[in-house]
Amino acid sequence: MDLRTDEPHPARVYDFYLGGKDHFGADREFGQRILAICPQLRPLAQANRRFLARSVGLLARDYGIRQFLDLGTGLPTSPNLHEVAQSVAPDSRVVYVDNDPIVLTHARALLTSRPQGATDYIDSDVVDIDRIMRQAARTIDFSRPVAVSALALFHFLPDPQPADLMAHLRDRLAPGSFLSISHVLPELQDVAEAYQGTMGLGTLRGKDEITALFGDFVLLEPGLVEPNRWRPEMDPEERGHADEIANLGACAVARKPAE
């Protein structure tokens, strides 16, 4: 397995933003160059991670969700999704999906389920949703509600892939299922250009385009907002970040209505 540690990798660079340890010199060098352009990207990444914890905890606690599908998982960073879900409901079942070799090498850290629940990892391109759902069915019952997360993912995919993927997925989820999405905003044009120039990645979308990915799912309050503004009362760490990452990223959680 060639991890190309001499070249920056998006999952390892994100790990660098989060203050993790699973990155190399090329990742740090690129990450530092990006932070010189936009130092707010580090607190944005950290706020996005806290949004994951708050949204998963809310869905498990207040909506009784016990099945989670995480698209574009990235490198394990504690607390992982299953740790949050199973801290509320130990019987939660979680499936992680990614196709990056660096994530695959760390997948064991994502499989430390509590005995009452289950976790699985699927090595797959996120756009192959039919294959993902077939394999996820080993762990998840798609006739019942599922919470699907696609955080900090779609800005790495060109159009029309995110819209096509979400339309297909929305149709196949049971009523009462949820979608959680986070995405950077056009304010990060310089950052997107740097990613494009080095990795060939980076697609910016406005709030209307991001909202459209939810289709007819109903957004939970407070709608599409910066990650630090999504129910900040649930996490004291969100205090003091109100203006620092304004207009840089957006997130929301939406529910599939009853048929």
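Colleague: Which residues does threonine 139 touch, not counting residues up to four places away in sequence?

Modeller: Please note that this is a predicted model. Threonine 139 is placed in the loop between helix 6 (129-136) and strand 4 (147-151). Once residues up to four places away in sequence are not counted, threonine 139 touches Gln67, Arg93, Val94, Val95, Ala118 and Asp120.

Colleague: Does threonine 139 count as buried or exposed?

Modeller: The relative accessibility of threonine 139 is 11%. Buried means under 20%. Threonine 139 therefore counts as buried.

Colleague: How does arginine 114 count, buried, partly exposed or exposed?

Modeller: Arginine 114 lies in the loop between helix 5 (101-105) and strand 3 (118-123). Leaving aside neighbours within four places in sequence, arginine 114 is in contact with Gln86, Ser87 and Pro90. Its relative accessibility is 40%, so arginine 114 counts as partly exposed.

Colleague: How far apart in space are arginine 114 and glycine 206?

Modeller: In sequence, arginine 114 and glycine 206 are 92 residues apart. In space, taken C-alpha to C-alpha, the distance between arginine 114 and glycine 206 is 39 Å.

Colleague: Which helix gives the largest share of the lining of the second largest pocket?

Modeller: The second largest pocket holds about 180 Å³ of space. Its lining residues divide into three nonpolar, five polar and three charged; among them are Asp15, Gln46, Arg49 and Pro79. The largest share of this lining, four residues, comes from helix 3 (residues 41-62).

Key:
Residues are numbered from 1 along each chain as its sequence is written. This is a predicted model: local features need pLDDT of at least 70, side-chain atom pairs count only at pLDDT 80 or more; totals for chains, interfaces and linings use all residues. Side-chain values use heavy atoms; hydrogens and water are left out. On a 1 Å grid over the protein atoms alone, a cavity is a set of points where a 1.4 Å probe fits but cannot get out, and a pocket is an open set with protein on both sides within 12 Å along at least five of seven lines; lining residues have an atom within 4 Å of a point. Grid points are joined across faces, edges and corners, and a volume is the space filled by probe spheres set on the points. Helices (H or I, at least four residues) and strands (E, at least two) are DSSP runs, numbered from the N terminus. Ala, Val, Leu, Ile, Met, Phe, Trp, Tyr, Cys and Pro count as nonpolar, Asp, Glu, Lys and Arg as charged, and the others, Gly among them, as polar. Buried means under 20% relative accessible area, exposed over 50%, partly exposed in between (1.4 Å probe, protein chains only). Contact means heavy atoms within 4.5 Å.
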